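I opened the model today to look up a few things. My notes follow in the order I took them.

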Amino acid sequence: MTQDSAPQPYGTPEVPRVAVRGEASLEVDPEIARIGITVTARGTDRRTALEDLTRRNNTVLELVKSYGDAVEKLETGAFSINPELTRHGRAERIRAYHGRVHVTAELSDFTALGELTTRLADLELTSVDGPWWALRPTSPAHGEARRQAVLEAVQRAREYAAALGADLAALVELADLGAENASAYPQAAPGGGMRTMAFSASEDTAPPLDLEPQRQTVHAQVNARFTMTPPQL
């Protein structure tokens, strides 16, 4: 190939190029919801605090597991047990021990989610945070957004070419800008989440929470370059 026939990065009068960006934004229903569960205990000695924490943690795990396939993931996060110090004369002494365990659960059944959060919040010294709604990384919504972004890029390029009395000839480059949801579990917008805490068990079971899933926005952007026929100027 001679220097004259080598491809030109910015096109030539005979083979001009057009560069465009295609964008798409979809609103879809969430596929999963994550809740955070914190179990706490307090005792005058370390063994008592640890035994209470273990018992309450087991109760939480058994309750969550009882929902079977509705729970897609159950993970234990941070665990801590710390002494509470108090001043006694010139010295410090241990007044009590505080224990804490964090558990996260991921559910795909939102009907079960409302019931589970209520039952968890009704447990002794147990707090619940969430839910945080999200799509799975493999959700078809991501692919649909990318497809629509490409279609928009083609349509935009065709309109530019038509404005010059030309037609698109070939695709030269298609670049994904990676503009999808960056976080697997985005923080809910104000009013879109739930937070409830309970510090004592109730004799009667509270009615299940009616949780409205927060719709998710999926974005996609692409850069595209095309060659086109010589314009009619």
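Predicted model: local features only at pLDDT ≥ 70, side-chain atom pairs only at ≥ 80, totals over all residues.

Strand E2 covers residues 32–43 and is joined to E5 by seven bridges. E2 and E5 run antiparallel.

Then I asked how many residues of E5 are buried. I found eight of its nine residues buried, which leaves E5 mostly covered.

I turned to aromatic rings. The structure holds one aromatic pair. Phe 110 and Trp 133 form this pair, with 5.0 Å centre to centre and 85° between the planes. I noted the pair as edge-to-face, because planes over 60 degrees apart count as such. Which elements does the pair link? Phe 110 sits in helix H2, residues 110–121, and Trp 133 sits in strand E5, residues 126–134. The two are 23 residues apart, so I logged a link between distant parts of the chain.

Is Trp 133 buried or exposed? Trp 133 is buried: its relative accessible area is 2%, and buried means under 20%.

I listed three helices and eight strands. From the N terminus on, the order reads β-β-α-β-β-α-β-α-β-β-β. The protein has 233 residues, and buried ones make up 34% of them. I also looked at contacts with a separation of 6 or more: residues 24 or more positions apart account for 84% of these.

Notes
Residues numbered from 1 in each chain as written. Heavy atoms only, no water. Phe/Tyr/Trp six-rings, centres within 6.5 Å; stacked < 30°, edge-to-face > 60°. Helix = DSSP H or I, 4+ residues; strand = E, 2+ residues; numbered from the N terminus. Buried < 20%, exposed > 50% of the residue type's maximum accessible area, 1.4 Å probe, protein only. Contact = heavy atoms within 4.5 Å. Pairing = 2+ DSSP bridges.
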